[in-house]
Amino acid sequence: MTVAKEFASHLLSLKYEDLPTGAIDNAKKIIVSTLSSAAAGTTIRSAQIVREILQRQGGHPEATAWFSGGRKLPLTSVVRGNAML
């Protein structure tokens, strides 16, 4: 088994309860920071333009874009739009 497979196997075997409290606290901070930054990014005109373009392109609605009022777009468009934030 390769090192990568061993590591992946180890990660997949972990339960929430197995994680150190510090790791959980840091993960929560990172999530809050990411969403806060993304929310602020919705006011940046260039991000608004990209999101409008992605919406006009349409496609099969697969995922919900952040801060879009529940608007669904193709997954790749959502990832691109969220990254712009």
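The side chain of Arg51 reaches the backbone oxygen of Trp66 at 2.8 Å. A polar atom of the Arg51 side chain also lies 3.2 Å from the backbone oxygen of Phe67. Polar contacts here are pairs of N or O atoms within 3.5 Å; within protein, one must be able to donate a hydrogen and the other to accept it, and residues adjacent in sequence count only if both atoms are side-chain atoms. The model is predicted: local features need pLDDT of at least 70, side-chain atom pairs count only at pLDDT 80 or more, and totals for chains, interfaces and linings use all residues. Residues are numbered from 1 along each chain as its sequence is written, and side-chain values use heavy atoms, without hydrogens and water.

Arg51 sits in helix α3 (residues 45–57). Helices are DSSP runs of H or I with at least four residues, numbered from the N terminus. Beyond neighbours within four places in sequence, Arg51 is in contact (heavy atoms within 4.5 Å) with Trp66, Phe67, Ser68, Gly81, Asn82 and Leu85.

Arg51 is buried yet has no salt bridge. Buried means under 20% relative accessible area, exposed over 50%, and partly exposed in between (1.4 Å probe, protein chains only). A salt bridge requires a side-chain nitrogen of Lys or Arg within 4 Å of a carboxyl oxygen of Asp or Glu. The nearest side chain of opposite charge to Arg51 is Glu52, 8.2 Å away. Lys and Arg count as positive, Asp and Glu as negative; His and the chain ends are not counted.

Glu52 instead forms a salt bridge with Arg45, with the closest N and O atoms 3.4 Å apart. The count comes to 1 salt bridge. Arg45 is partly exposed, because its relative accessibility is 46%. Glu52 is also partly exposed, at 35%.

Key: Helices (H or I, at least four residues) and strands (E, at least two) are DSSP runs, numbered from the N terminus.
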